[in-house]
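Hello,

My notes on what was found follow below it.

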Amino acid sequence: MLCFAPGRLTASKALDLRSSAADVVFLEDRRVHRKATLKMYPDRSELDDLRRHKRLHCDLYNGAHRERIDAYRLRGTSITFADQCRSLTLIRAEIPEYAELNAQSAQVTLKRLDLAYQNFFRRVKAGKTPGFPRFKSIKRFPGWGYKSHGDGFTFHPGLGWKGGTVRLAGIGKPKSTIRCRGRILTPGEVVTAEVMEKADGWYLSLTLLCEPHREVAEQRSVTSFDWSIEHFLTLCAPDAEGKFYAGDVLAAITSHISNPRFEKVFEEKITKAQQVLSGHERGSYGWKKARNTLARLRKHQAECRKDFRNKLCAWLVENFHTIITEELAVKNMTASAHGTAEDPGKNVAQKAGLNRSTLDGSPGSLLSRLATVAEEAGSYVIKLETKREAPSQHCPKCAARVKKELSDRVHVCAGCGHCEQRDAASSRYMLGRVWGFLSPSKRRKPARKRPGGQGRADISLREPERETPSRA
């Protein structure tokens with residue numbers, strides 16, 4: 001998929017890329033929504049009010065969920081989001097605690113439940129695992145949201161959009177504000193907000209309507225990369241002498257970005273925290289303290305992974321105007337090998353370890369983040385179809401198809417004798433394929449046998465000649 005904004009790349013330039021194997025998607029030049037998360041520092045009274053509001057929203061969510069279940073089970077009727085919004089008006093009139101809540105934020109909580117039901121019915125119609133919506137405990141309930149700025153919340157950014165203050169309706173003393181810490185990289189118009197409680201405190205997530213822009217280098221080049229566990233990214237870029245543009249694909253320079261492997265970095269600390277947690281009685285003070293310690297470690301691990309991904313994507317779009325890669329089906333890559341009772345799987349433990357390493361690298365979120373950042377920097381991302389192109393199964397020198405298993409980490413072509421590391425060969429092939437220097441060899445389909453045992457003639461790859469009617 002090739003993504004670009006109008007004015008950045010014309011149709012003629014897109015054809016010059018010779019990306020026949022890629023889809024081209026035009027992005028309208030418009031303002032976009034971006035998220036910014038700030039940490040809040042409430043005082044003791046504000047902290048009590050935040051916890052009380054969270055409990056009220058959690059009870060509202062579970063009560064609305066129970067209402068839908070009972071209505072369908074007892075009367076066979078379905079309750080909609082509009083019905084529950086009308087019931088919310090009666091609840092606010094009868095229960096003083098809910099009258100203190102902002103009406104729009106309570107509707108956001110009901111809308112989240114409605115979206116959960118919509119996704120449930122969508123999965124049922126698609127034949128997937130339904131996943132019926134669950135009741136949520138106070139620990140698993142993330143928080144609540146506000147639909148519009150000025151109705152329930154007001155945010156005042158600091159100097160240079162660094163930090164700021166927020167006023168939440170019903171939190172703290174009248175007209176009191178909560179100090180927020182963090183930096184907003186994409187300033188814009190504040191649209192919505194969400195208040196969330198995490199392991200290390202309370203956070204404010206803002207949705208901004210902005211026009212993001214990124215600074216890039218004066219001279220940028222093109223590159224392709226192949227993701228793997230051994231080397232996180234294997235890059236391939238044209239040489240400085242220009243031999244690649246003359247048709248010499250082997251002149252392109254390859255380099256590796258090492259895999260940080262955050263799962264192994266935090267493995268010892270997380271294991272100790274889990275052992276301490278299992279040594280305490282469930283529900284005790286020590287158990288709650290150990291659980292919070294483990295949650296903080298998990299959060300720190302996720303933040304390190306996210307920080308590495310964001311910095312890597314920013315570096316790519318800063319130095320390259322065109323980035324080529326392949327589509328990755330992470331769900332298929334991390335499928336379990338357990339099998340069934342009749343046909344048990346093989347190497348189940350090894351496949352489970354491979355799945356953990358794959359998810360630790362988070363290739364799906366990497367490609368998603370790269371597409372977003374590339375749009376901001378005016379770069380182009382080309383994703384080749386893996387099934388049709390099979391970059392790791394082709395030779396970057398002669399474009400011949402060379403079958404390899406996942407355990408084969410070295411590419412060796414029997415035709416031309418080219419030998420190279422597997423990821424480097426795949427990255428080099430993608431670069432030459434998009435630039436039109438390599439064309440995969442077409443294989444003739446095998447002859448199909450008839451029931452009588454007689455073979456059928458091979459199907460020609462070119463269209464048969466048609467007779468043109470003669471004019472009288």
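**Aromatic rings**

Y117, F120, F121 and F132 are linked into a cluster by ring pairs; rings of Phe, Tyr and Trp (its six-membered ring) pair if their centres lie within 6.5 Å, and planes under 30 degrees apart count as stacked, over 60 as edge-to-face and the rest as tilted. This is a predicted model, in which local features need pLDDT of at least 70, side-chain atom pairs count only at pLDDT 80 or more, and totals for chains, interfaces and linings use all residues. Residues are numbered from 1 along each chain as its sequence is written, and side-chain values use heavy atoms, with hydrogens and water left out.

The structure holds 14 aromatic pairs. One of them joins F120 and F132 edge-to-face, at 5.2 Å centre to centre and 90 degrees between the planes. F120 lies in helix α5 (residues 103-125) and F132 in the loop between α5 and β4 (143-146), so the pair ties together parts that are twelve residues apart in sequence. Helices (H or I, at least four residues) and strands (E, at least two) are DSSP runs, numbered from the N terminus.

Buried means under 20% relative accessible area, exposed over 50%, and partly exposed in between (1.4 Å probe, protein chains only).

**Salt bridges**

Side chains of opposite charge can pair when their charged atoms come close. A search of the whole structure finds 20 salt bridges, each being a side-chain nitrogen of Lys or Arg within 4 Å of a carboxyl oxygen of Asp or Glu.

- D83 and R86 form a salt bridge at 2.3 Å, N to O. Both are in helix α3 (residues 81-94), three residues apart, or about one turn of the helix. D83 is partly exposed at 29%, and R86 is exposed at 54%.
- R112 pairs with E194, with the closest N and O atoms 3.7 Å apart. This pair links distant parts of the chain, since R112 is in helix α5 and E194 in strand β8 (residues 189-198), 82 residues apart. R112 is partly exposed at 26% relative accessibility, and E194 is partly exposed at 27%.
- R428 and E420 meet in a salt bridge at 2.8 Å, N to O. Both R428 and E420 are buried.
- R34, R214 and E376 are linked in a network of salt bridges.

Regards
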